[in-house]
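Q: I am new to this structure and would like to learn how to read it. Could you take me through it step by step?

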Amino acid sequence: MNSAIRAERLVKRYKNQVALQDVNLDVPMGRIVGLIGPNGAGKTTLIKSILGLTDVEGDLAVLGRAPRRDRTALMHEVSYIADVAVLPRWLRAGEAAAFMAGVHPRFSMERFRALLERTSVRESMRVRELSKGMAAQLHLALAMAVDARLLVLDEPTLGLDILYRKAFYEALLNDYATPDRTILLATHQVEEVENLLSDLVFIKSGKVILSSSMDEVAERYHEVLVGPGQRDAARSLGPLRERSVFGKSVFLFDGVPSSELASLGEVRRPGVADLFVALMGDAA
Amino acid sequence: MSTMIWLLRREYWEHRVGLRNIPLITAGVLAAIATLTVIGASIWGPRAGAQGASLQAALRLAIEHSPVQAARQLAEALQSVVVVFAVIQALVLFFYLLGALYDDRRDRSAWFWSSMPVSHTETVASKALIGLLVMPLVTIAVTLAFQAFLVVLSLVTVAVHGVSPWPLLGALTGLGAHALKAVVFLPIHVLLALPAVGWLLLVSAWARRRPFLWAVLVPLIAALCLVVLEGSGLPAADLAGELLGRLGMGLFSNPWYLGTGALAAHEVLTAPGLWVGALAGVAGLAGAINARTRSLDTSD
């Protein structure tokens with residue numbers, strides 16, 4: 001079993017909408033996967049199915065288990081942050097840690113204390129006394145004190161300022177990412193996580209429209225800066241998208257070898273955000 | 001098992017005010033009132049005595065001339081305070097149970113709790129245990145402590161006035177016997193409490209908003225509908241009374257009162273309503289687990 005998450009033909013319907021349509025996904029162990037899509041694309045629904053919080057049609061195995069049926073056993077190996085505002089306001093930081101140490105066999109109090117020491121959160125503080133950023137730091141410390149095989153983060157930095165967001169992702173990458181841990185990170189703020197990820201999953205209207213490793217993305221997609229004279233030549237190769245930057249045209253190509261493109265202009269690796277906009281079309 | 005202990009501890013952390021502070025503060029205020037009354041009676045009592053008899057004389061008359069009756073009167077006074085703590089328990093439990101599976105959905109913290117390796121069944125069970133056992137045991141402990149305080153206060157008062165307090169000790173042994181009976185009556189209490197606990201947790205897990213209105217109006221309207229049916233051959237009014245009575249009794253019930261003999265155990269146990277109510281309560285808990293599972297499966 002080397003897939004952390006394997007989903008086949010997942011379908012989820014709510015009363016008046018289809019949240020997931022025929023989703024297929026195979027995430028190997030040890031990857032850092034960015035689940036990226038606009039609001040309402042189905043990111044949270046997919047995460048809820050992975051955590052066994054929602055019923056889905058299709059085959060789904062997470063760490064080799066059926067999440068809906070084996071939710072409690074699965075949660076022994078999973079850490080999950082829904083978003084920044086879900087810690088109960090009456091809870092003290094120390095109580096949260098004591099509770100988790102009591103019910104979670106993989107939670108380490110020493111690790112929690114070491115993580116918390118770097119923040120200004122004290123164990124005697126209640127969540128209601130914390131700023132949004134401090135609450136996020138507390139939640140991250142709780143989640144990272146669990147020696148989980150899968151960490152799931154759903155918009156973990158929503159509404160936080162840039163300093164917190166940067167520190168959050170640095171802590172995640174430096175202290176938590178190891179080859180035997182898989183991290184699934186849902187966000188719509190693409191640029192911030194770009195350098196963190198090993199894999200990309202784009203989701204749009206409940207459908208996965210891209211699922212590949214960053215290396216594959218770099219091989220497959222190229223961006224070329226084309227001078228005015230060669231625009232028509234570039235267009236004839238069927239670009240995915242064309243945009244103008246400072247009088248030059250930037251073309252994004254899917255599957256055209258860089259050797260072919262080199263004659264048109266400077267070839268470079270596209271940013272995830274540009275790729276996202278190109279693939280999402282009007283939905284972005 | 002240890003998960004359940006942590007879940008109960010979690011409930012205590014969240015509800016220290018209802019589970020600890022309110023009963024303790026009530027007992028404290030009552031103890032202060034009782035003490036001040038006794039002191040006041042000692043100071044002004046002798047002069048206020050209409051027949052010119054001093055408090056001391058009255059106490060001597062009561063205790064030395066009819067010690068058995070004096071002890072019984074003290075025991076009755078002790079029983080009357082039980083009602084106060086029963087009302088406190090009912091109020092605390094009503095609001096605790098209504099919020100138990102609703103508040104954390106409203107403030108979204110249910111998502112935090114659902115990230116723990118704890119099943120929905122365990123979550124609901126921990127909240128039911130607070131209602132069925134923990135709060136009644138708190139009520140017993142506080143009632144017992146307050147009654148013991150009243151006995152000591154009486155003995156001291158009597159002794160201060162130079163009257164032998166020993167005849168009153170009979171009231172104390174009665175207290176001890178009641179405490180023992182309370183343990184024996186615990187299983188019957190659980191059966192009595194199940195309808196209220198099951199119903200309120202079901203509403204708490206199921207209601208999207210205004211659990212208070214659902215919890216109160218549904219039984220009231222059901223009872224009204226039954227009353228309208230009176231005369232159709234059904235014992236409708238009796239059923240309506242049974243419905244509301246069983247729900248109310250569940251909140252007030254406490255093994256302690258069963259032990260006092262106010263409710264005869266065999267009459268309680270042979271009433272079909274007890275068993276129907278307990279079964280309905282278990283069904284309510286199963287419904288609450290189901291509603292809890294579904295409540296996290298929404299599109300928002």
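This is a predicted model: local features need pLDDT of at least 70, side-chain atom pairs count only at pLDDT 80 or more; totals for chains, interfaces and linings use all residues.

A: Gladly! Let us begin with a term: helices (H or I, at least four residues) and strands (E, at least two) are DSSP runs, numbered from the N terminus. Residues are numbered from 1 along each chain as its sequence is written, and chains are lettered from A and ligands numbered from 1 in the order in which they are written.

Q: Is B:Ser109 buried or exposed?

A: A residue is buried if 20 or more other C-beta atoms lie within 10 Å of its own, exposed if 12 or fewer, and partly exposed in between, with C-beta atoms placed from the backbone. B:Ser109 counts as buried because it has 21 C-beta neighbours inside 10 Å.

Q: Which residues is B:Ser109 in contact with?

A: Two residues are in contact if their C-beta atoms, placed from the backbone, lie within 7 Å. Leaving aside neighbours within four places in sequence, B:Ser109 is in contact with A:Val86, A:Leu87, A:Pro88 and B:Asp104.

Q: How many residues of chain A are in contact with chain B?

A: On the chain A side there are 23 residues, in contact with 21 residues of chain B. Strand E2 (17-28), helix H2 (71-75) and helix H3 (93-103) of chain A are the elements that give two or more residues to this side. H3(A) gives the most, with 5 residues. For classes, Ala, Val, Leu, Ile, Met, Phe, Trp, Tyr, Cys and Pro count as nonpolar, Asp, Glu, Lys and Arg as charged, and the others, Gly among them, as polar. The side of chain A that touches chain B has 14 nonpolar, 6 polar and 3 charged residues.

Q: What does the secondary structure of each chain come to?

A: Chain A has 11 helices and 13 strands, whereas chain B has 14 helices and 0 strands. As for burial, 43% of the 284 residues of chain A count as buried, and 35% of the 300 residues of chain B do.

Q: How do I read the packing of two helices?

A: Two packed helices are described by the angle between their axes and the distance between the axes. Axes are lines fitted to C-alpha atoms, for helices over the stretch in contact, and angles run from 0 to 180 degrees between N-to-C directions. In chain B, helix H9 (residues 186-206) and helix H11 (residues 236-252) pack at an angle of about 100°, with their axes 7 Å apart. That makes H9(B) roughly perpendicular to H11(B); angles under 35 degrees count as roughly parallel, over 145 as roughly antiparallel, 65 to 115 as roughly perpendicular and the rest as oblique. The residues of this contact divide into 10 nonpolar, 1 polar and 1 charged.

Q: Which residues have a positive phi although they are not glycine?

A: Most residues other than glycine have a negative phi. Two cases here are A:Asp22, with a positive phi of about 55°, and A:Leu63, with phi near 50°. A:Asp22 lies in strand E2 of chain A and is partly exposed, with 14 other C-beta atoms within 10 Å. A:Leu63 is in the loop between strand E4 (57-62) and H2 of chain A, and counts as buried with 22 C-beta neighbours inside 10 Å.
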